[in-house]
Amino acid sequence: MELQRIHHVAVIASDYEKSKAFYTEVLGLRVLAENYRAERRSYKLDLALPDGGQLELFSFPDSPPRPSRPEAAGLRHLAFVVADVGEALAELAAQGVRVEEVRVDEYTGKRFGFFADPDDLPLELYEA
């Protein structure tokens, strides 16, 4: 078996409309498909990532909260590549998103910084 790339990452939102606005309006991801599944009382929103991958945004009634940030077992964070981390974080901050300061990876020397989605899911911008 040879893995080729990540196809999608799935995120469960506690407030679907708020998270939909964040991922489409703040981060600028393009909607591929949006479906409401009545039997599950759940939305599924497929969003296009620039590299051809996808982000799936789900809503489920009464989803449990994430246990802690960011060292809970499971997915630690989702990282996106940007040309200039400082500029990208400043754009997010100008839109009211709480961002952390730019850091430098001690092993690669690359700059990165964190912010969070409406459910406090850790997201990273990485300068590659």
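What share of the contacts in the protein with a separation of 6 or more comes from residues 24 or more positions apart? The share is 48%, where contact means heavy atoms within 4.5 Å.

The legends describe a predicted model in which local features need pLDDT of at least 70, side-chain atom pairs count only at pLDDT 80 or more, and totals for chains, interfaces and linings use all residues. Residues are numbered from 1 along each chain as its sequence is written, and side-chain values use heavy atoms, with hydrogens and water left out.

**Figure 1. Overall fold of the protein.** The protein has 2 helices and 8 strands, in the sequence order β-α-β-β-β-β-α-β-β-β. The radius of gyration is 15 Å, close to the 14 Å of the globule rule for 128 residues, so the protein is as compact as a globular protein of that length. Helices (H or I, at least four residues) and strands (E, at least two) are DSSP runs, numbered from the N terminus. The radius of gyration is taken over C-alpha atoms, and the globule rule is 2.2 Å times the number of residues to the power 0.38. Along the principal axes, the C-alpha atoms fill a box of roughly 50 × 40 × 30 Å.

Figure 2. Of the 128 residues, 37% are buried; buried means under 20% relative accessible area, exposed over 50%, and partly exposed in between (1.4 Å probe, protein chains only). The protein exposes about 8,300 Å², of which carbon and sulfur atoms supply 51% (Shrake-Rupley method, 1.4 Å probe). There are 15 positive and 23 negative side chains, and the centres of the two sets lie 4 Å apart. Lys and Arg count as positive and Asp and Glu as negative, without His and the chain ends; each charge is placed at NZ of Lys, CZ of Arg, CG of Asp or CD of Glu.

Figure 3. Helix 2 spans residues 85-94, and its buried residues are Val85, Ala88, Leu89 and Leu92. These residues lie on the same side of helix 2, because they cover an arc of only 95 degrees around the axis, taken from the directions from the helix axis to the C-beta atoms. Their cover includes helix 1 (16-26), strand 5 (78-82), strand 7 (111-116) and strand 8 (122-127). Exposed Glu87 and Ala94 sit on the face turned away from the buried side.

**Figure 4. Surroundings of arginine 111.** Arginine 111 lies in strand 7 and is partly exposed, with a relative accessible area of 28%. Leaving aside neighbours within four places in sequence, the contacts of arginine 111 include Asp84, Val85, Gly86, Leu125 and Tyr126. Aspartate 84 is 27 residues from arginine 111 along the chain, and their C-alpha atoms are separated by 8.4 Å.
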